[in-house]
Amino acid sequence: MSPDEIKSRIGSGLLSFPVTHFNDDFSLNLKSYREHVAWLSGFGAAALFAAGGTGEFFSLSPEEVGKVTRAAKEASGDVPIIAGCGYGTELAKETARHAEAAGADGLLLLPHYLMEAPQEGIYRHVKAVCESTGLGVIIYNRANSVANAETVARLADACPNLIGFKDGTGKVDLVRHVTAKLGDRLTYIGGMPTHELFAEGFNGVGVTTYSSAVFNFVPKLAQRFYKAMRASDRATMDEILHRFFFPFAVLRDREQGYPVSIIKAGVDLIGRTPGPVRPPLTDLKPQERETLRELIEKAAA
Ligand SMILES: O=C([O-])C(=O)C[C@H](O)[C@@H](O)C(=O)[O-]
C-alpha cells in the first residue's frame, strides 16, 4: 500500500497488535501465529501490527521481525500489516528492510534504545529511518523517545512518508499540541497500555482510533467498545469498563510486563497456542490465569 493509502486505512477503524507465538523453547511458532492472525482478520480491524510492542518486538531479531511480518501477510487476507521497527538508527533501518522485503504495508517506529535523546537527535533518527524506506511510517512516542509538537511538525515537513503519530505517553497536553499543529497531515493512534481505559479522553483531543491489545482474545468485545466510543455511547462504554476493563487492569498491574503477558494468557485461554512470553517478561501465575478465565467468560456473557 502507498503511504497515503495506509494513512487513510489506519484512520478508518480499530487497530490491534497480534501477539507473537513461540514454542516452549522460545523459537517462533509461525504456524500457530498464522492461524491466529487469520482468525483475527475476520473481526473488522482496519490494520494489524506485526511484531509491535504486544508482539514482543523488543525480544525479536531483525530477521525474526521479517519472518513474523511475512507470516502475518500470508494470513491476513486484505487486512493490511504494519511491521514494527526500532532500536538505534542502523538497526531500525535494517529491520525496516526486512519488513519491507516481507511485504509490510507500513512501519511502526518504536523507541530507540536505552538513552534519552535531545529533540534534534530524535528528529535526525526518525528522518533517517523514513528516508530509508518507501513505506509509510508511524512514529511511536513513548518512554525515552518523545518528540514534541515542533519536532513532529519538522518531521512531517521533511518526510512525506511519515503518515502517523502513535501516543504511548498518555500526555494529553502534548498530544493536543501535536493534533492542533499537524491537523489532518497525520493519522493519530492511541497506544496506551489497555487503551480502552484512555480512549474516550483521547478521542476528545483528536485521537480517533487506537490499538486494542485485548482484541487478540475478545475481538467482539473490543469492537463493541470501539463503536460505542465513536458513537459517544457512554452507557455502553461504562458497562464494558465495569464488567471487563477495570478488573482486567487490576490483574494487569500485578506485575511489570503483564500488559503483554496477560494478552498472551488470554489468547491461550481461548484455545489458541501463543506459547510463553520470552524473557525478560514472565507469564501469569495459575491463580491469575483463573481470574482472567472468569473475566473472559463474563465478557462473552
Ligand atoms: O505497542 C503496543 O503493543 C501497543 O501499544 C498497542 C497495545 O494494543 C495497546 O494500545 C493496548 O494495550 O491496548
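Which element gives the largest share of the lining of the largest pocket? The legends below take up this and other close-up views.

This is a predicted model, in which local features need pLDDT of at least 70 and side-chain atom pairs count only at pLDDT 80 or more, while totals for chains, interfaces and linings use all residues. Residues are numbered from 1 along each chain as its sequence is written, and side-chain values use heavy atoms, with hydrogens and water left out.

**View 1. The largest pocket holds about 710 Å³ of space.** A pocket is an open set of points on a 1 Å grid over the protein atoms alone, where a 1.4 Å probe fits, with protein on both sides within 12 Å along at least five of seven lines; lining residues have an atom within 4 Å of a point. Grid points are joined across faces, edges and corners, and the volume is the space filled by probe spheres set on the points. Of the 29 lining residues, Gly53, Phe58, Leu110, Tyr140 and Arg142 are the closest to the centre. Helix H10 (234–252) and helix H11 (258–269) are the elements that give two or more residues to this lining. H11 provides the largest share, three residues. Helices (H or I, at least four residues) and strands (E, at least two) are DSSP runs, numbered from the N terminus. The lining has 17 nonpolar, nine polar and three charged residues; Ala, Val, Leu, Ile, Met, Phe, Trp, Tyr, Cys and Pro count as nonpolar, Asp, Glu, Lys and Arg as charged, and the others, Gly among them, as polar.

**View 2. The second largest pocket has a volume of about 200 Å³.** Its lining includes Phe43, Phe217, Lys220, Arg224 and Ile296. Helix H9 (219–230) and helix H12 (286–300) each give two or more residues, and H9 gives the most, with four. By class, eight lining residues are nonpolar, none polar and two charged.

View 3. A disulfide is a pair of cysteine sulfur atoms within 2.5 Å. For Cys85, the nearest cysteine sulfur is that of Cys130, 8.8 Å away. The sulfur of Cys130 is 4.1 Å from that of Cys159, its closest, which is too far for a bond. Cys85, at 0% relative accessible area, is buried, and so is Cys130, at 2%. Buried means under 20%, exposed over 50%, and partly exposed in between (1.4 Å probe, protein chains only).

**View 4. Gly206 sits in the loop between helix H8 (199–203) and strand E8 (209–210).** Gly206 is partly exposed, at 31% relative accessibility. Leaving out residues up to four places away in sequence, Gly206 touches Thr179 and Tyr188 (contact means heavy atoms within 4.5 Å).
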